[in-house]
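The briefing below is meant to be read with the sequence and the coordinates at hand.

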Protein chains: 2
Amino acid sequence: MTKTTGVGRPRASGAAASKREARLAVLDAAGELFTGAGYAATTTRAIAERAGLRQASLYYHFPSKEDILAALLEDTVRPSLDVAGGLSAKLAPVGARLWALAYADIHLLGSARHNLGALYLLPEISSPRLARFRAERAELKRVYGSLVAAAGVPGELLGIRTDLVFGLVESIAIVRRDQPDLDVEAHAVEGADSVLRLAGLGEPDAGLRDSARALLED
Amino acid sequence: MTKTTGVGRPRASGAAASKREARLAVLDAAGELFTGAGYAATTTRAIAERAGLRQASLYYHFPSKEDILAALLEDTVRPSLDVAGGLSAKLAPVGARLWALAYADIHLLGSARHNLGALYLLPEISSPRLARFRAERAELKRVYGSLVAAAGVPGELLGIRTDLVFGLVESIAIVRRDQPDLDVEAHAVEGADSVLRLAGLGEPDAGLRDSARALLED
């Protein structure tokens, strides 16, 4: 995210907009430093400097470095939970729903300004402050599991097959680390196709992809 | 790895065996600390203490912390390269070869004493001292790519499909983080089955799995 000046943006209050912008500047600076220099090696002082803020302003928004990590990681999951919520309100075959969710999720992880999925393997993930992120990620995984079950994968295989589907989606973080300039759209299409193969739904065709994309558009 | 006392082991020289044991003790202690406390948060002093060695002995084996990381990570790839080399010398259909490689690779990553695949996303991976690990991992990925090509995946899809196959195999590190007591054998079988689905080889049957396992046994 580039720092915005707010030009041309309607806003209720200059102070509120400036607070929101400061929060976003902290998250952007932290995303860059956590994925570049590493989480443990990054101080809140370095984040404040990179964000162009005083440390006191940073602490106003985030009491600790773990709170910044939590906010960043929740942002990698919540939009996909919103997509899942939208899909659940629509009538569509399971294949189109599963394709749409995987496609949107890989796009989110693959095109966020920083490769935040690379932080999923940090030891700090088990900290109490990351409980909400863990719960939201577990909820997203449950949605994948219910779609994989609806696709007909039998109960005794469901747990591992869901692990594989979820792992395939999240593995975009490893690909992105190796290939910073990857073609996210092509990876999202091929990834969603592959999720359908893992769910035993066979080879997706252009018609299924079109109807899945239409589900995401309304 | 438990620290061994060497009892009952044939060995050429007590000094050589003791050096080898010291090296293994360092790697084991570092694997535990890097995956538990984190790479950046772990000092060579802490590794030496955990290994029951003086720091001078540690430096005799590894001039720097990055050299320990490099040795640990090379050990997550080299056995699978050895498996790939063994498979290349045998006559067998591509499905059995690909299944055998994925099965052995997931077993290695899933059952190593520490979850070292979780270190693949560290920023330190791009350091010059990890060049050999990166080259060996790239070589392993090339082997998967040649098998996926031999399975009939067309050239324009080959790169991304290989990324997905390799990502699926390595995603065992994420599963293991979430479920420390996972059933590695079941994950390796289901993972290898799923790799064949991604390669367009359809549903594997018991006959294919048996012949793939036989390839690993000789």
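Leaving aside residues up to four places away in sequence, Val184(A) touches Ile106(A), His107(A), Gly110(A) and Ser111(A). These contacts, like everything that follows, are read from a predicted model, in which Val184(A) belongs to helix α9 of chain A, residues 184-198.

**Val184(A) and its setting**

- Val184(A) has a relative accessible area of 14%, and because the cut-off for a buried residue is under 20%, Val184(A) counts as buried.
- Between the C-alpha atoms of Val184(A) and Ala48(A), which stand 136 residues apart along the chain, the separation is 31 Å.

**Helix α5 in the two chains**

- In chain A, helix α5 covers residues 94-111 and has 18 residues, and the distance from its first C-alpha to its last is 26 Å, close to the 26 Å expected at 1.5 Å a residue.
- Of the 18 residues of α5(A), 15 are buried, so this helix is largely enclosed by the rest of the structure.
- In chain B, helix α5 (residues 94-111) also has its end C-alpha atoms 26 Å apart, which agrees with the 26 Å that its 18 residues should span at 1.5 Å a residue.
- The helix α5(B) is mostly covered, with 14 of its 18 residues buried.

**Ser127(B) in a loop**

- Ser127(B) lies in the loop that runs between α5 and α6 (131-150) of chain B.
- With a relative accessible area of 9%, Ser127(B) is buried, and its contacts, not counting residues up to four places away in sequence, are with Glu66(B) and Arg134(B).

**Enclosed space**

- The structure contains 8 cavities of 30 Å³ or more, and the largest cavity holds about 300 Å³ of space.
- The largest cavity is lined by 28 residues, of which Leu122(A), Pro123(A), Tyr39(B), Leu122(B) and Pro123(B) are the closest to its centre.
- Helix α1 (14-36) of chain A and helix α1 (14-36) of chain B each supply at least two residues of the lining of the largest cavity.
- Sorted by class, the lining of the largest cavity consists of 20 nonpolar, 4 polar and 4 charged residues.

How values were computed
Residues numbered from 1 in each chain as written. Chains lettered and ligands numbered in written order. Predicted model: local features only at pLDDT ≥ 70, side-chain atom pairs only at ≥ 80, totals over all residues. Heavy atoms only, no water. Helix = DSSP H or I, 4+ residues; strand = E, 2+ residues; numbered from the N terminus. Expected span 1.5 Å × (residues − 1). Buried < 20%, exposed > 50% of the residue type's maximum accessible area, 1.4 Å probe, protein only. Contact = heavy atoms within 4.5 Å. 1 Å grid on protein atoms, 1.4 Å probe; cavity = no way out; pocket = protein on both sides within 12 Å on 5 of 7 lines; lining within 4 Å. Points joined across faces, edges and corners; volume = space filled by probe spheres on them. Nonpolar A, V, L, I, M, F, W, Y, C, P; charged D, E, K, R; others polar.
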